[in-house]
Every structure is written in structure tokens, then in C-alpha cells.
Amino acid sequence: MRILGISAFYHDSAAALVEDGRIVAATQEERFTRKKHDASFPHNAVGYCLDAAGAKLSEIEHVAFYDKPFLKFERLLETYIAMAPKGFSSFKMAIPLWLKEKLFQKSLLRKQLKPFDEEISSDKLLFTEHHLSHAASAFFPSPFEKAVVLTMDGVGEWATTSAAIGEGNKLEIFQEIHFPHSLGLLYSALTYYTGFKVNSGEYKVMGLAPYGEPKYAKLILDHLIDLKPDGSFRLDMSYFDYCTGLTMTNERFAKLFGAPVRTPDKLLTSFHMDVAASIQAVLDEAVLRLTRSLAKKTGARNLCLAGGVALNCVANGKVLRDGKFDKIWIQPAAGDAGGAVGAALAAYHQFKGNPRIPASSDGMSGAFLGPHYSQGEIERRLKEVGARFDVLSEDTVIKTTAKALADQLAVGWFQGRMEFGPRSLGARSILGDPRSPTMQKNLNLKVKYRESFRPFAPAVLREDVADWFELDSDSPYMLIVADVLKDKRRAMSADERALFGIDKLNVSRSEIPAVTHIDYSARIQTVSRDTNPKFHRLLTEFKRLTGCPVLVNTSFNVRGEPIVCTPEDAFRCFMGSELDLLVVGNCVLKKSEQDTALRQDYSSAFELD
């Protein structure tokens with residue numbers, strides 16, 4: 001039995017295909033169109049999923065969509081009516097689009113799917129509620145027979161926070177908080193206020209937070225959110241404009257903090273860092289109260305997390321260390337893209353009643369569910385774009401790459417199936433030496449072309465994680481933050497402070513400074529031999545050369561671009577940035593050996609404002 005799951009029309013459109021309960025393929029549309037957070041119907045992603053399963057759409061039992069449009073439209077209408085006459089500009093933009101096509105989702109889906117099946121019937125189409133899709137994406141692939149499932153995001157149809165019990169092949173949502181009261185939208189409001197883009201810049205606020213002090217946490221708790229001991233909450237909507245306006249916050253919000261909204265062209269100041277630290281502290285407290293309450297209420301020992309807020313790995317780390325649950329599992333594509341997986345699994349288990357046997361680790365196959373390319377196809381594609389490369393044995397590739405990393409070169413690493421979700425996990429990664437005091441700044445400014453404060457994640461051998469970090473559990477999806485062990489820490493030297501333009505004397509450093517944030521924290525990815533053997537071999541060889549089982553791992557892209565998908569994407573990013581080495585399958589490309597004219601052409605493509 002095959003079921004196709006689809007998420008689309010808001011942000012991060014994606015498709016996933018489930019066959020007899022197993023996730024065969026899943027990918028985001030942006031990886032094909034090269035349009036970041038592409039919200040359009042995922043034609044390319046659907047095509048890939050069908051190809052990966054060797055199936056036609058006519059052979060698919062059901063197509064499951066990740067939310068219910070009528071309920072969403074009901075929420076929009078009720079909100080506009082409640083707020084009238086405010087919000088007319090927003091109403092005038094939104095309602096015609098809904099009445100034209102979004103409301104009639106079955107007809108729209110059949111139209112979009114016609115290239116795959118001219119005769120697809122409405123009976124094949126299923127719709128799951130948004131938070132059920134999220135919950136299903138977290139529980140059904142988890143290794144648990146029974147768990148409580150917490151979903152937190154901006155908003156689905158009505159729900160913004162929900163709790164469910166998953167057992168066997170069933171999920172039951174038993175508690176919800178409804179729009180407009182939303183932890184996700186509160187965090188997004190502060191994202192907007194500090195000058196970052198909503199629905200994509202929230203992780204920047206999380207990365208900025210350790211540079212500040214939570215001076216405004218009490219202000220937020222006193223005025224913006226009434227947070228109860230059990231984690232339930234209400235927002236004071238007189239400070240926000242997202243219900244009916246075209247911005248997240250209003251003038252009253254700015255007056256509360258005593259400063260206007262930062263525009264992206266303005267420099268970040270200590271004020272913005274303190275605001276970021278404050279909203280992160282409030283989110284941490286809210287999530288902890290919710291999880292403690294759920295543990296007490298349900299008696300469950302396992303917790304699953306989904307929804308965009310579950311991508312906040314700082315809060316996740318605090319929940320893990322809080323110890324109210326024995327085990328935590330987080331959907332790696334916790335945002336809307338993961339809704340495609342959840343919709344398909346909900347249809348298979350919940351709607352069709354098919355049994356579920358939890359996998360020993362999990363059912364996501366390490367999130368390696370996207371396109372892959374054979375060695376022959378890689379060579380052909382690279383030749384067609386004018387790349388110059390050597391083809392080496394796998395052993396030689398591992399040794400050559402590890403030596404280059406030990407020599408502190410920046411390496412593009414392209415192997416196997418592409419990751420599903422926002423994190424690169426060793427299939428489409430940029431790698432570096434974490435021991436280098438300059439690697440973080442160089443990768444940010446010369447390779448990624450992004451803000452210099454942004455931290456990088458450590459990929460570490462699973463068997464060695466407890467020797468370097470205050471963590472001794474799996475974190476395969478880079479969704480848990482923990483501190484570097486105290487015996488690995490050291491003070492920043494005067495030369496390093498000068499290099500980073502930092503005057504503080506007690507700025508954190510460690511034996512792995514490139515992956516140590518200013519507060520000694522790190523967003524950890526544990527790498528196991530079972531899920532990613534080639535990346536595990538590379539880390540093992542790097543450890544043999546250096547004594548360090550850790551590598552810098554960041555997504556293979558530059559600012560504003562989606563993660564690379566094809567060998568051509570990888571070559572273009574390699575040539576347009578200051579990466580030193582590119583490894584695609586068993587092909588090794590040195591920057592110094594490439595055509596200089598090509599390098600100039602590709603560099604101009606990455607010129608940014």
C-alpha cells in the first residue's frame with residue numbers, strides 16, 4: 001500500500017511517499033526550484049517520490065494533504081469579523097485568493113496532480129488536521145510504542161499548541177491552545193522586531209541569544225504573555241498586528257521596548273542581543289512548564305516533539321536535561337515540510353488502521369530520504385559543467401578529505417541521499433576543522449556569506465560524544481543543544497579577541513572553538529556507523545589524524561540559497577564561494593585546478609546585497 005503525503009501553499013512545500021508503513025522518500029520543493037522556502041505545489045518533489053518508489057500516481061492508494069482548508073478558512077473569517085473594521089487591507093488581499101482556489105482544495109489538488117494522473121478521483125484525496133499531521137510525523141516514525149506528543153508552531157487551522165497520546169497505530173489529541181495565542185507567533189514577533197525574516201530567521205534569534213542577557217524576560221511575561229504554571233498561556237493581542245495586519249507587531253509593542261523595529265540594514269546592537277536572550281528565556285520556560293505538566297498528567301516516559309518550535313534546539317536541550325521524560329524523539333523536519341510525512345503516515349495508520357512496528361532507532365532512515373546520484377551519473381554531470389576532478393577509491397577519498405580537513409581547508413561534502421528537513425547531516429554538508437580559532441568566522445564570511453555571529457554545529461562520533469559534551473544520548477538530527485565539557489574549555493586569547501573584535505575577557509573558547517558558542521553550548525549531531533557509514537568513516541579518520549572525533553558541519557549552501565541537491569548545484573556553490581575542496585561521491589575537486597574563467601562566472605552569481 002502506497003500513500004503520498006503533500007504539504008503546500010504556505011511555506012516549505014514538500015512531498016513524501018509511504019509504502020507499507022515505511023517512508024520511502026521525502027523532500028522539499030525548494031531543493032529542485034532553488035527558491036528558498038518555496039510554497040508552491042511540490043511538482044518536482046512529487047515526481048521524485050514517485051520515481052523513488054518506482055510507481056505511477058495511478059498506483060497510489062491515497063494522496064493525503066497536511067491540513068484542512070475549510071477549518072483554516074473558518075479561522076480567517078472569524079478572526080476578520082472579530083477584529084473588524086481593523087484588517088481590511090489584509091482581508092482584501094487574502095479572501096479573493098481563498099475564494100478563487102484555496103478553499104476548493106480538492107479541485108486544486110486534482111488540477112496540480114493531472115500531469116501525474118489525468119483521471120485522479122476525489123475519493124483518493126484525504127485531508128488531515130495540521131496538528132495531527134505534525135503529531136503523526138513525530139510519533140509514527142519514533143522508536144516508541146507509547147509516547148506523549150507535543151506540537152508547537154505558529155498556527156494550523158485553529159491549534160497553535162497541542163498534546164496527544166500515541167500508542168501503537170493510534171494518535172489522540174487531548175489538549176489544545178488556539179489562535180491567536182501562539183508560542184511560535186510570539187517568537188516570530190520578536191524575530192520580526194529584531195530585524196529578521198519571519199518563518200526563516202527564528203534560528204538567527206536563537207543563535208544571537210547567548211550574546212545578550214535576558215533583561216526583558218520579565219517585561220515579556222508581564223505584558224505580552226500570561227504564562228500559567230502548567231504551561232498554558234494567553235497573549236495580550238493589543239501589542240500584536242498579525243491577526244489582521246501586514247506586520248507582526250504594532251507601535252504599542254515598540255513603545256513597550258522603547259525602540260523601533262530594526263530594519264535589516266541596521267547594525268545589531270547589545271539591545272537586540274538582550275531582546276533575543278529574553279524571548280529565548282521565555283520560550284525555554286514555557287516549553288519546560290508544558291513538558292513538566294504533560295509528564296505529570298499522563299505519566300508517560302517518552303516524549304515526541306514536532307511543529308516549528310521543536311526546531312528550537314536550545315529549548316529541546318533543556319527539556320532533555322530536565323529529566324521529566326526518559327527519552328525524547330524530535331521529528332527532523334519538524335516544520336511544515338514534515339507535515340507531508342505526517343499526513344501520509346496518519347492516512348496509513350490512523351485512517352486505514354494498518355499496524356505499526358516501531359523501528360529500533362527510528363523510521364526516518366537518518367533523514368536521508370532525498371535524491372541520490374550514481375557514481376557514473378556524478379561524473380557525467382560534473383564533466384558537462386566543466387569541472388576538473390580525480391576519481392579515487394573510497395578509502396583514498398576518506399583519507400584525502402580527512403587530511404584536507406586536518407590542514408584546515410573548507411570542504412564541500414556531497415554523498416548519498418539528500419537530507420529531508422532544514423539540517424545538513426553529512427550528505428550535503430560543508431565541513432571544517434573545529435579546532436581552528438578562525439574557522440567559524442571564515443566559513444561565515446567567506447563561504448556562507450552570512451552574519452559572523454552565527455554558530456556552527458559539531459558532528460561527533462556517537463561513541464565519543466560523552467567525552468566532549470555534556471550529553472550521552474543520541475542526537476542524530478542536530479536538534480539538541482548541550483555544553484562542551486569543562487575539561488575541554490579554555491579562555492579566549494588576546495589575539496582571538498582582537499580577531500573577532502570582542503572586548504570581553506571571559507568569552508568562551510574550547511579545544512573545538514569553531515563549534516563552541518559564546519556560552520559554551522553546541523548544537524550537537526551524533527553520527528553512527530549504521531545510518532551514515534561514509535561520514536562515520538570520515539570522522540574516524542579525522543580522529544586518527546588529530547585525536548579529535550568532531551567536525552564542523554553546516555549546510556552546503558550560501559545565504560539565501562537552499563541546500564544543494566544535484567552535483568551541478570554543488571559545483572556551482574563550490575566555484576562561487578571560497579571552499580577549497582569539493583568531494584562528490586568518489587570525485588575530488590581542488591579549487592586550484594578549476595578553470596579560472598568559470599570561477600569568475602560562478603562568483604558573480606553569488607554577489608549579495
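**Cysteines.** I counted disulfides and got zero, taking a disulfide as a pair of cysteine sulfur atoms within 2.5 Å. The model is predicted, so local features need pLDDT of at least 70 and side-chain atom pairs pLDDT 80 or more, while totals for chains, interfaces and linings use all residues. Residues are numbered from 1 along each chain as its sequence is written, and side-chain values use heavy atoms, with hydrogens and water left out.

I looked up C548: the closest cysteine sulfur, in C313, is 20 Å from its own, too far for a bond. C548 is buried at 2% relative accessible area (buried: under 20%, with a 1.4 Å probe and protein chains only). For C573, also in no disulfide, the nearest cysteine sulfur is that of C565, 13 Å away. C573 is buried too, at 4% relative accessibility.

**H536.** I placed H536 in helix 18, residues 533–546 (a DSSP run of H or I, at least four residues, numbered from the N terminus). H536 counts as buried because its relative accessibility is 3%. Beyond its neighbours within four places in sequence, I found H536 in contact (heavy atoms within 4.5 Å) with L461, E463, V527, S528 and R529.

**Second largest pocket.** I read its volume as about 680 Å³, the space filled by probe spheres set on the grid points. A pocket here is an open set of points on a 1 Å grid over the protein atoms alone, where a 1.4 Å probe fits, with protein on both sides within 12 Å along at least five of seven lines; lining residues have an atom within 4 Å of a point. Of the 26 lining residues, W329, S361, D474, S475 and P476 are the closest to the centre.

Key: Helix = DSSP H or I, 4+ residues; strand = E, 2+ residues; numbered from the N terminus. Buried < 20%, exposed > 50% of the residue type's maximum accessible area, 1.4 Å probe, protein only.
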